[in-house]
Amino acid sequence: MSSAAVRRGERRISPVFLAILAVMAVTGWAVWTGFGALPGLPVFLFVTSAWVVSLCLHEYAHARAALYGGDVTVGAKGYLTLNPMAYTHAVLSVVLPVLFVVLGGIGLPGGAVFVERDRIPGRWRHSLVSAAGPLANVLFAVVCTAPFWLGALDGVPDGFRYALAFLAFLQVTAALLNLLPVPGLDGYGVVEPWLSAGARRAVAPYAPYGFFVVIALLFVPALNGAFFDGVDALLRSLDVPVLDRACGSALYRFWEGTPVGCGV
């Protein structure tokens, strides 16, 4: 069976997702034009809505890969509509990642779509289903960084440039963290099909805690510094200045005030 087995209504884009896109478009325009008395507020709304859009695309990529892999049930579950309300764990999938952006300024992955793995034959297909989500973040990061490495920033307002840099930072951190081979994360899902049955059984009890282990490790100063130094180095290789990312993060937290040197 293939995607042809999915009814048209199961593939129709959700009004909820379209509403989020509309918010992203309107607030993106506000950032570009400098609309509003508080320049950071449009940045906050634009980055948050764009981040939620990327979360939806992340889960859609998982579902689409699962569909082509053989799991035709993803359509009936609403995963192909891009509706974040259809996810298995809405809090983990949307609320928690947004909360981490607001509080910590980091893109953390969430858990969402339930794939019936027994319907998908072959180890390569299983690995692709797991890899599809982080690859969506990578593509989103490419779009955000393209104006920087293409040298297409002439005429782009400072606030919009800062917002793009911070959004790229979120996508890069989400992709890198989610690709860690930690049980419960997509990186482990990529390698799991290639492990022995005994190894999978031994690791399975720890899968629900992998996400929280990663969060805890980020509080270790040495690991935290090494990780973010690596992220900044990657962004610099894409011609995204660290100052632009920092200013985007500062504008996003408009309630803390805008540091000197990040005026818009």
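A residue is called buried when its relative accessible area is under 20%, exposed when it is over 50%, and partly exposed in between, as computed with a 1.4 Å probe on the protein chains only. The structure is a predicted model, in which local features need pLDDT of at least 70 and side-chain atom pairs count only at pLDDT 80 or more, whereas totals for chains, interfaces and linings use all residues. Residues are numbered from 1 along each chain as its sequence is written, and side-chain values use heavy atoms, with hydrogens and water left out.

By the accessibility criterion, His 126 counts as buried, because its relative accessibility is 14%. His 126 belongs to helix α5, residues 123-149, where helices (H or I, at least four residues) are DSSP runs numbered from the N terminus. When residues up to four places away in sequence are not counted, His 126 touches Arg 117, Ile 120, Gly 189 and Pro 193, a contact being defined by heavy atoms within 4.5 Å.

Phe 35, placed in the loop between α1 (15-33) and α2 (40-69), counts as exposed because its relative accessibility is 55%; leaving aside its neighbours within four places in sequence, Phe 35 is in contact with Trp 29, Ala 30 and Pro 42. Val 26, in helix α1, is likewise exposed, with a relative accessible area of 53%. From C-alpha to C-alpha, Val 26 lies 47 Å from Arg 200, and the two are 174 residues apart in sequence.

Helix α10 has 17 residues and reaches 24 Å from its first C-alpha to its last, close to the 24 Å expected at 1.5 Å a residue, the expected span being 1.5 Å times one less than the number of residues. The buried residues of α10 are Phe 227, Phe 228, Val 231, Asp 232 and Leu 235. Seen down the axis of α10, these buried residues fall within an arc of 130°, so they line one face of the helix; the arc is that of the directions from the helix axis to the C-beta atoms. The face turned away from the buried side of α10 carries the exposed residues Ala 222, Ala 226, Asp 229 and Ser 237. Among the buried residues, Asp 232 has a relative accessibility of 11% and touches Val 242 and Arg 245, residues up to four places away in sequence not being counted. What covers the buried residues of α10 includes α6 and α11. Of the 21 residues of α6, 19 are buried, so this helix is largely enclosed by the rest of the structure. After α10 comes Asp 239, whose phi is positive, near 65°.

The second largest pocket has a volume of about 260 Å³. On a 1 Å grid over the protein atoms alone, a pocket is an open set of points where a 1.4 Å probe fits, with protein on both sides within 12 Å along at least five of seven lines, and lining residues have an atom within 4 Å of a point. Grid points are joined across faces, edges and corners, and the volume is the space filled by probe spheres set on the points. The lining of this pocket comprises 16 residues, of which Gly 104, Gly 105, Ile 106, Asn 224 and Phe 228 lie nearest its centre. Helices α4 (90-104), α6 (158-178), α10 (221-237) and α11 (242-252) each supply at least two residues of the lining, and the largest share, three residues, comes from α4.
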